[in-house]
Amino acid sequence: MNFKSALPILLLIFNLSVAKAQKHNPIPVIFDTDIAGDYDDVGAMALLHAFADKGEAKILATISCNAFETTAPTISVINTYFGRPEIPIGIVKKDKPNKDCAQRWAQAIIAGYPHKIKSNSQAVEAVALYRKILASQADGSVTIISVGFFTNLADLLRSGADKYSKLDGEQLVKKKVKKLVSMATGIGADGKTFSEYNVNVDAASAQKVFKDWPTPITLSGFEIGEKILTGIRLINNTSIKNSPIKDAFQIALTKDNNTTGRNSWDEPPY
């Protein structure tokens, strides 16, 4: 067999080897979310757990950048539903940002499904959890996925040495984080004046992160998720029962009188 005829087989073997290696080397992920005000975060968490089920991701922590009362319990519901109730949960321990769940899908799934964390007070303070998790990981290994405000990330950069690490926040991030992937910003019609929610809610923190974050950043802009609609097939799938993911979309889409699906801003970062 000559090289030319063997090349397709070699490529196939290489691709299978890469896939096998990836399966046995899941990407360590910290997930930072503002889950409450929108339910695209629910879809994003479902995707993250699906990747973990496939061995492609290892969820190190799930952290809320939103102080609203349902956020930590909601995260606990979803982690528990996907069989990972032990995943550490953190939350910003400030009065703001505090964005409510007006459609009350979060309140509904908290009432209807098992979960360990019953209130935000039971969750770990966000920066302390970041520092604890990062300090224990291999250098340059962690991917942080942010689908909310930049509050926690800015506070992490400002943090000082503690019992987990002698490094300050920026040094710790530079040493342990491979990259930050974030749903944020947008191009806009004129390419320069678009105003995006995740940035605007805590603009000072966003500026801090964009200015001082010491690793590569990948941004998934508003215009990407705007074109992807999620939820209608899910809520019409009668084989899926007793699912907080389905219930969240069902309640929110119904209250919105939405028959086409929700824009999926928080899912594309994967």
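A residue counts as buried when its relative accessible area is under 20%. By that cut-off helix H6, residues 151-158, is mostly covered in this predicted model, with 7 of its 8 residues buried.

**Annotated domain**
- The UniProt record, an unreviewed entry, assigns residues 29-237 the annotation "domain: Inosine/uridine-preferring nucleoside hydrolase".
- Helix makes up 39% of the chain over residues 29-237 and strand 18%.
- The end C-alpha atoms of this stretch lie 30 Å apart.

**Helix H6**
- The buried residues of H6 are Thr151, Asn152, Leu153, Ala154, Asp155, Leu156 and Leu157.

**Packing of H5 and H7**
- Two packed helices are described by the angle between their axes and the distance between the axes.
- For H5 (residues 126-135) and H7 (residues 169-176) the angle is about 40° and the axes are 10 Å apart.
- H5 and H7 are therefore oblique to each other, and their crossing is left-handed.
- On the H5 side the contact involves Arg131, Leu134 and Ala135, which meet Gly169, Leu172 and Lys176 of H7.
- By type, the residues of this contact comprise 3 nonpolar, 1 polar and 2 charged.

**Ser243**
- Ser243 sits in the loop that runs between helix H11 (232-235) and helix H12 (244-255).
- Ser243 has a relative accessible area of 3% and is therefore buried, the cut-off being under 20%.
- Apart from neighbours within four places in sequence, Ser243 contacts Tyr81 and Tyr113.

Technical notes
Residues numbered from 1 in each chain as written. Predicted model: local features only at pLDDT ≥ 70, side-chain atom pairs only at ≥ 80, totals over all residues. Heavy atoms only, no water. Helix = DSSP H or I, 4+ residues; strand = E, 2+ residues; numbered from the N terminus. Buried < 20%, exposed > 50% of the residue type's maximum accessible area, 1.4 Å probe, protein only. Contact = heavy atoms within 4.5 Å. UniProt positions renumbered as here; feature names shortened; annotations may be inferred. Axes fitted to C-alpha atoms, helices over the stretch in contact; angles between N-to-C directions. Parallel < 35°, antiparallel > 145°, perpendicular 65-115°, else oblique. Left-handed = near helix turned anticlockwise from the far one by under 90°. Nonpolar A, V, L, I, M, F, W, Y, C, P; charged D, E, K, R; others polar.
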